[in-house]
Amino acid sequence: MSVLSQLLVDGGIALPMLDGSALQLSPEIASRAQFGWTISVHILFAALSIGLAPFIIYFTWKEVRTDDERFTRLRSFWVKVFAAGFVMGTVTGIPMSFQFGTNFPQFSSVAGEMIGGPLAFEAKMAFFLEAVFLGVLLFGRERVSDRTFILSSVLVGFGAWLSGFWILVVNSWMQTPQGYEMITRNGMEVAKLTDPIAAFFNPRMTWMYVHMINAAVISVALLVAGVSAYIVWKKRDSEAWGTALKIAVLILLVSAPLQAIHGDAYGRHVEDTQPQKFAAMEAHYETGTADLHLLAFPTDPSALTDPRAENLFTISLPRVGSFLASGGDFNAEVLGLNEYEENPPVAMVFWSFRFMVGLGFLFIALALWGGYLLYRGRLSDSDRYLKAMIMASPFGYAALLTGWYVTEIGRQPWVIQDQLTTSEAVSTTLTATEATLTLVGFLVIYGALVLVALYILRWLIQDELRELGVQETSGDRWYGPIPGVSDDD
Amino acid sequence: MTELLLPVDSYLVEPLPEIWFGLVMFALTMYIVLDGFDFGIGMLYATRDNDHDRETLLSAFGPVWDANEVWVIAFGTMTLAAFPDVYSRLLADHYLLALGFVLALLFRGLGPELREQRDDERWMRYCDYSFIGGSLFAPLLFGMIAGRWVFDAATLSAPTLLTGIGLVAVSVVTGAAFLAAKTGPALASEMRDYGIIATLAYLGGVVVLLATVVFTDAGGAADTILSIPAAVIVVLSVAAGLGGIVLAGRGEYRAWLASALALPVLLSALVALLLYPTIYPPTGLTVQDAVVSPLALNLTTVLGVPVLLLVLWYFKFLYGVFSGPIEGEGYGA
Ligand code: HDD
Ligand code: HEM
Ligand code: HEM
């Protein structure tokens, strides 16, 4: 949805136009909205698999090796979540790869040599591995040895991390393309692979991989913490869920600060390689020295759509933007957005970035608070902390999505930076009717899917509580696993 | 650096583009064979009205469908890696069919997964509809895309529709044979009957399809169809089909399964025959025109082909773990 609202902001063809009698969008707008919406849903499940993988491996290993009842309980719960999430990841992922061809055929043709290899490796190396060994992990307990069983969990987890690797090779190449030259094939200018190592390990690749994997770990740790906190809150003496909460807090203590430190350096790298995107992240219009806006609040509603310094109340470090971007010079020039002919929708990028970073600091605070309680041995006793963690459980996903909006929307108008624009990439044979039809279909079906995923999580939690012997009392009943918020699975 | 490892300006072996055409067709074959019987199970599921039988069908499907489905992704991404323009045109030119197909896969995959989440009559019924409908529409639409691709025919033309229906029928054949081989005698004999009907329908459909194509020369394919290799494929298909019916009648279900699986393999061979060398008939693009540059293809070969062999080994392992007959309770989660 945010893609739609972004397009409103963009001033592009904003509202669904009345075209004749039917409600139709231009093929380009509809394709972009459709791609943005479907990938936003897909990434929720993909990140669930990536982030949950270490938990599954650990629980499986503990259960098989120690026969500890706590881990049996935790494993059986989270494997169910993993399995449901995996199926959803699969069914939402296949349309993703098709859309490269259906909606962005020019992109597939131009970049075929560069992205086809990695996508095919992803399928052959990662998807098969995950799918085959998940079958064993779910249905094969009685049919394989303990060792093969544990190994299956490791291979499933490895598959998830590997598929993240190959897809990010593709995406990072789109941000910092190299290792190719343009040639003519069948009358079309296309990229020819000249150096695979340069192309795969392009400057953005490792930044993106570390940041994304860690983001998935944070998001899932928050989800695990939230679910555990809820169950502990209902049943104080549940050893298993107390343990799960503890593990989640320990993981957050490492991953949350790491993400902020890494993200700070990552920002400098973006400035180096995509100055226009960096300027959009900082709403920096005039070339010259840049201040760093630590906090920014809109002083009037227009700042939500055009975040110029005049209509923002900011707490800024003067010239620190220059200092950071140049690595040490307070007077360094930073390119401003006015230098470019066409810019991404600045407001979306600017506010998304702030949202992500703000949440990043919130997670550090939550981790430290939990660490302190853990140290005092009162983690499961603090009502306030349990409630905070329940509320925070979907926020990791919110940060993950907004981070991707910074990356993808900030790259506009390019789909391959400085090489191919998004409008050139869109199908020329697609009609407005077809595009609108499928957009509506995907909005409805993927939206329903997210709701169903939330319901499944809720049912699993209710089952778990029933098994723990908690009576449902209408008085303190939460509606849904995550009260009030739903941007999560 | 790269030159040291891989030839940059020439293919590793001269016919590498043709080999990749073969590999892409191999992935297609794996897909219509393996996910084909999943679709068949899904459609035959509609004939079961008691819970015990339904559970049995679902447990035959459960551990393997996801891995089977990955072959369509392998097919797509291998096409993209070797023949990007074919991938672009194939999907862009069949926009609604292609997205309809992936949505059918979505419903097919979700149905069984969601079904077990709740013990509620109505919920389970909707999940069943999703499973059955997805299993019907996925092969239908996939077959229709193939029909339009191979015969350069309109969406609602006889060649397109017959290819779609053919794929549906052959999926029912393999699904029935698979279930007959995996389940108890009572279910097996019913599956045998459905399988026999579907085999006859399939063979009839193929004959009508080929006759139509010869008659109208759709996509200029008439000559190929009247050639010796095509005749061999057709004869073998008829032999496998009729032989299968005999084996099924005798209750030799494993042998029936083997002969049933030959049908989609032969179908895919026919598709390959029709697509070589003009891999995208609507624009006249040949394998040589469409293939990527040497370095890119060499790389996908060196990194990809060994992995493909490994994948085949995984499949052997997977089907090994879940071999043997299933009882109503499934494999035990
Ligand atoms: C749990 C999620 C999460 C959290 C807490 C953070 N990030 Fe992040 N960020 C992501 C999740 C994410 C992401 C969704 O995963 C992105 C999108 C692309 C990528 O590589 O990671 C991302 C991208 C991303 C980018 C690059 C955008 C681009 O590629 O153009 C920068 C500069 C930062 N982040 C910086 C930060 C900083 C300074 C943080 C301080 C706390 C931070 N991130 C926390
Ligand atoms: C994983 C998280 C991702 C998210 C949340 C995401 C999100 C988005 C969004 C919101 C857009 C729309 C931008 C706009 O219209 O202004 C977009 C564009 C695009 N992204 Fe991504 N993306 C992700 C990953 C990827 C990956 C891995 C690839 C490639 C392999 C990719 C390829 C594209 C393409 C081709 C477009 C252009 C079409 C368009 O503008 O909508 N994206 N993405
Ligand atoms: C446009 C970009 C993307 C495409 C085309 C794509 C494609 C796919 C496909 C086809 C599947 C199904 C695989 C199966 O059947 O097992 C899948 C699943 C998956 N994808 Fe994506 N994907 C994209 C973005 C991403 C991103 C950005 C990530 C993470 C960094 C990711 C991680 C995964 C994972 C881990 C799975 C396994 C299924 C699961 O665990 O949920 N994908 N993807």
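The following dialogue explains how the sites and interfaces of this predicted model are named and judged.

Visitor: How do you know which residues and atoms are counted in this model?

Guide: Residues are numbered from 1 along each chain as its sequence is written, while chains are lettered from A and ligands numbered from 1 in the order in which they are written. This is a predicted model in which local features need pLDDT of at least 70, side-chain atom pairs count only at pLDDT 80 or more, and totals for chains, interfaces and linings use all residues; side-chain values use heavy atoms, with hydrogens and water left out.

Visitor: What makes a residue one of those around ligand 1, and which come nearest?

Guide: A residue is near a molecule if one of its heavy atoms lies within 4 Å of it. Around ligand 1 there are 26 residues, and H211(A), Y266(A), K277(A), M356(A) and L400(A) come nearest.

Visitor: Which helix gives the largest share of the shell around ligand 1, and what makes a run of residues a helix?

Guide: Helices are DSSP runs (H or I, at least four residues), numbered from the N terminus. Helix 8 of chain A gives the largest share, seven residues. Helix 8 spans 239–273, and helix 7 (205–234) is among the others that supply at least two residues.

Visitor: What makes a residue of this shell nonpolar, polar or charged?

Guide: Ala, Val, Leu, Ile, Met, Phe, Trp, Tyr, Cys and Pro count as nonpolar, Asp, Glu, Lys and Arg as charged, and the others, Gly among them, as polar. By this rule the shell around ligand 1 divides into 14 nonpolar, nine polar and three charged residues.

Visitor: Which residues come nearest to ligand 2?

Guide: Of the 21 residues around ligand 2, the nearest are R32(A), I43(A), V170(A), N171(A) and E408(A). An N or O atom in the side chain of R32(A) is 2.7 Å from an oxygen atom of ligand 2. The side chain of E408(A) places an N or O atom 2.6 Å from a nitrogen atom of the ligand. The largest share of this shell, five residues, comes from helix 2 of chain A.

Visitor: Why is the site of ligand 3 called shared?

Guide: The site is shared between chains because residues from chains A and B surround ligand 3. In total 27 residues surround ligand 3, with S49(A) and H42(A) among the closest. S49(A) has a side-chain N or O atom 2.3 Å from an oxygen atom of ligand 3, and a polar side-chain atom of H42(A) lies 3.0 Å from a nitrogen atom of the ligand. Helix 3 of chain A supplies the largest share of the shell, nine residues.

Visitor: How do you know how many residues of chain B are in contact with chain A, and what area is buried?

Guide: Contact means heavy atoms within 4.5 Å, and 67 residues of chain B are in contact with 69 residues of chain A. Buried area is the accessible area (1.4 Å probe) that two parts lose on being put together, summed over both. The two chains bury about 6,000 Å² between them, 75% of it on carbon and sulfur atoms.

Visitor: Why is the meeting of D85(B) and R185(A) called a salt bridge?

Guide: A salt bridge is a side-chain nitrogen of Lys or Arg within 4 Å of a carboxyl oxygen of Asp or Glu. The side chains of D85(B) and R185(A) meet at 3.3 Å, N to O, and therefore form a salt bridge. The count between chain B and chain A is one salt bridge.

Visitor: What makes up the two domains of chain A, and how many salt bridges lie across their interface?

Guide: The bounds come from an automatic or database domain assignment, which gives domain 1 (26–287 + 335–467) and domain 2 (288–334) of chain A. Their centres, taken over C-alpha atoms, are separated by 29 Å. The domains bury about 1,400 Å² between them, 59% of it on carbon and sulfur atoms.

Definitions and conventions. Polar contact = N/O pair within 3.5 Å; in protein donor to acceptor, adjacent residues only side chain to side chain.
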